[in-house]
Amino acid sequence: MRTAAWPDWPIWNRNAEDGIAEMLRSGRWWRGSGEHVAEFEKKYADLMGVKRCLATASGTTALLVATHVLGVDAGDEVLVSPYTFIATYNVIFMNKALPVFVDTDPKTFLINPSKIEERLTDRTSAIIPVHIYGLPVDMDRLNAAAKKHDLKVIEDACQAWLGEYKGKKLGTLGDLGCFSFQNSKNLPAGEGGAVVGNNDKIMDRCYSFHNCGRPYQSVERTSDYPIRGSNRRMQQIQALILLSQMERIQKDADVRLENAKYLDKKLAEIPGIVPYKLVTEDARSAYHLYPFRFISKEFGNVKREKFIQALKAEGVPCSDGYGKQNHDGLIEEALNSRGYKRLFSEKRLKQWREENVLPGNDQLTEEAVAFYQSILLGTKSDMDDIVNAITKIYENRGSLV
Ligand SMILES: Cc1ncc(COP(=O)(O)O)c(C=O)c1O
């Protein structure tokens with residue numbers, strides 16, 4: 001169907017070059033000696049409609065800061081979506097807490113709020129909803145459950161810049177929200193991250209923790225290092241790249257949205273292709289990926305892998321999304337470690353293993369197909385190429401089995 005290239009990513013902004021050269025020549029490379037990281041924090045907070053932003057070295061470190069500051073501690077349990085990048089629950093393990101997976105609703109690709117309560121124990125201290133691919137989690141239902149059971153809410157918005165839920169930006173609806181600016185992201189800087197929030201005291205602690213536990217505003221100087229901490233700081237060069245990339249973020253988001261809406265309509269007309277479902281009409285995805293489900297039996301039992309191969313051969317890049325990560329090796333590696341055996345009883349770990357059954361998530365990992373965000377930066381005629389390629393595969397499904 002197609003041999004032409006798709007939009008590239010990331011896209012360099014030459015406006016960044018003079019500022020970067022000047023900063024490099026000056027030797028003011030870290031945030032302690034320059035103003036660019038703070039400037040980025042102010043602009044990102046404004047963009048998100050939130051009081052404060054703390055820039056970090058990466059999305060993973062943003063999550064590490066947020067979970068620590070909100071009190072996730074050794075021996076706690078943290079509810080989390082299993083359909084996510086591995087960093088989300090690696091961070092829970094780094095805090096020596098137990099990730100407890102809440103099943104996914106395959107229609108939305110997101111945590112199923114009706115499954116939260118059955119996973120609670122007296123050790124559950126927090127929940128990490130993940131706005132995966134930029135799709136908004138049903139935050140009203142999630143926050144209601146969190147409030148009822150006194151859980152902290154840390155939004156993993158690492159794929160959700162400018163996504164919205166009922167008029168508010170994703171990442172601003174829980175206690176803290178975390179973002180990633182890694183190279184592939186819709187707002188890229190090679191590496192980078194941010195924590196956003198509205199509570200000054202909590203954000204002061206985030207700052208202090210990310211700066212080795214040094215005093216910061218309400219974190220008073222009772223000693224040189226009044227709280228535990230780590231170095232999670234962003235570099236000046238990351239901030240300068242981000243400031244230049246922010247010049248295009250809203251326009252890109254609008255183009256992705258328009259193309260996604262076009263695909264929603266056109267793809268739904270093809271049997272066996274089921275685009276993601278938004279949890280409410282009053283929501284907007286950030287489209288880090290454009291996902292849909294491929295229903296093999298409606299496609300003449302063509303296997304998903306074969307469909308993906310055919311779509312790539314037609315010139316449309318696509319992927320199969322996340323696997324069954326709740327069975328990944330790192331989990332047993334953690335649960336069998338000396339520390340976890342000390343922190344959790346044999347009975348609790350046995351029960352955890354027995355309950356690690358996620359039919360909704362399993363189904364999704366077998367059906368999902370996704371297009372990367374930069375594809376959505378194309379033209380309407382590019383979107384037609386996608387629709388025509390899938391239609392062609394559907395019409396020739398008999399020769400693919
Ligand atoms: C959902 C999710 N959480 C966390 C992360 C971690 O971000 P980073 O790679 O910037 O550390 C990512 C990034 O890939 C992500 O997609």
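1. P10 sits in the segment that precedes helix α1 (17–26), where helices are DSSP runs of H or I with at least four residues and strands are DSSP runs of E with at least two, both numbered from the N terminus. The peptide bond leading from W9 into P10 is cis, with omega near -5 degrees. This is a predicted model, in which local features need pLDDT of at least 70 and side-chain atom pairs count only at pLDDT 80 or more, whereas totals for chains, interfaces and linings use all residues. Residues are numbered from 1 along each chain as its sequence is written, and side-chain values use heavy atoms, with hydrogens and water left out.

2. With neighbours within four places in sequence set aside, S374 is in contact with P7, D8 and W9, contact being taken as heavy atoms within 4.5 Å. S374 counts as buried because its relative accessibility is 5%; buried means under 20% relative accessible area, exposed over 50%, and partly exposed in between, with a 1.4 Å probe and protein chains only.

3. F109, in the loop between β4 (104–105) and β5 (110–111), has a positive phi near 70 degrees, and F109 is buried at a relative accessible area of 1%. C212, in the loop between α6 (200–210) and α7 (236–268), has a positive phi of about 65 degrees although it is not a glycine, but C212 is partly exposed, at 27% relative accessibility.

4. On the cysteines, the count of disulfides comes to zero, a disulfide being a pair of cysteine sulfur atoms within 2.5 Å. For C212 the closest cysteine sulfur is that of C206, and the separation of 15 Å is too far for a bond.

5. Helix α3 (residues 59–69) is mostly covered, since nine of its 11 residues are buried; among them are G59, L63, L64 and V69. The N-terminal end of α3 is capped by S58, which has a side-chain oxygen 3.4 Å from the backbone nitrogen of T60. Following α3 comes G71, with a positive phi near 90 degrees.

6. An N or O atom in the side chain of T60 is 2.5 Å from an oxygen atom of the ligand. For K185, an N or O atom of the side chain is 2.6 Å from a ligand oxygen, and for S180 a polar side-chain atom lies 2.7 Å from a ligand oxygen. Taken alone, the ligand exposes 380 Å², of which the protein buries 91%; accessible areas come from the Shrake-Rupley method with a 1.4 Å probe, and for residues only the protein chains shown count as cover.

7. Q159, in the loop between β7 (152–156) and β8 (164–165), is buried at 8% relative accessibility. Its side chain makes a polar contact of 2.9 Å with the side chain of Y322, a polar contact being a pair of N or O atoms within 3.5 Å, where within protein one must be able to donate a hydrogen and the other to accept it, and residues adjacent in sequence count only if both atoms are side-chain atoms. Beyond four places in sequence, the contacts of Q159 include H131, Y133, K185 and H288.

8. The largest nonpolar core has 132 residues, of which Y44, F181, F307, F371 and I390 touch the most other members; such a core is a set of buried Ala, Val, Leu, Ile, Met, Phe, Trp, Tyr and Cys residues joined through side-chain atoms within 4.5 Å. Helix α7 supplies the largest share of this core, 13 residues. Residues up to four places away in sequence not being counted, Y44 touches C53, W161, F179, F181, L187, A194, V196 and M246.

9. I308 lies in helix α8 (residues 304–313) and is buried, with a relative accessible area of 9%. Leaving aside neighbours within four places in sequence, I308 is in contact with C318, S319, D320 and V369, and C318 is itself buried at 8%. I308 and S244 are 64 residues apart in sequence and 35 Å apart in space, C-alpha to C-alpha.
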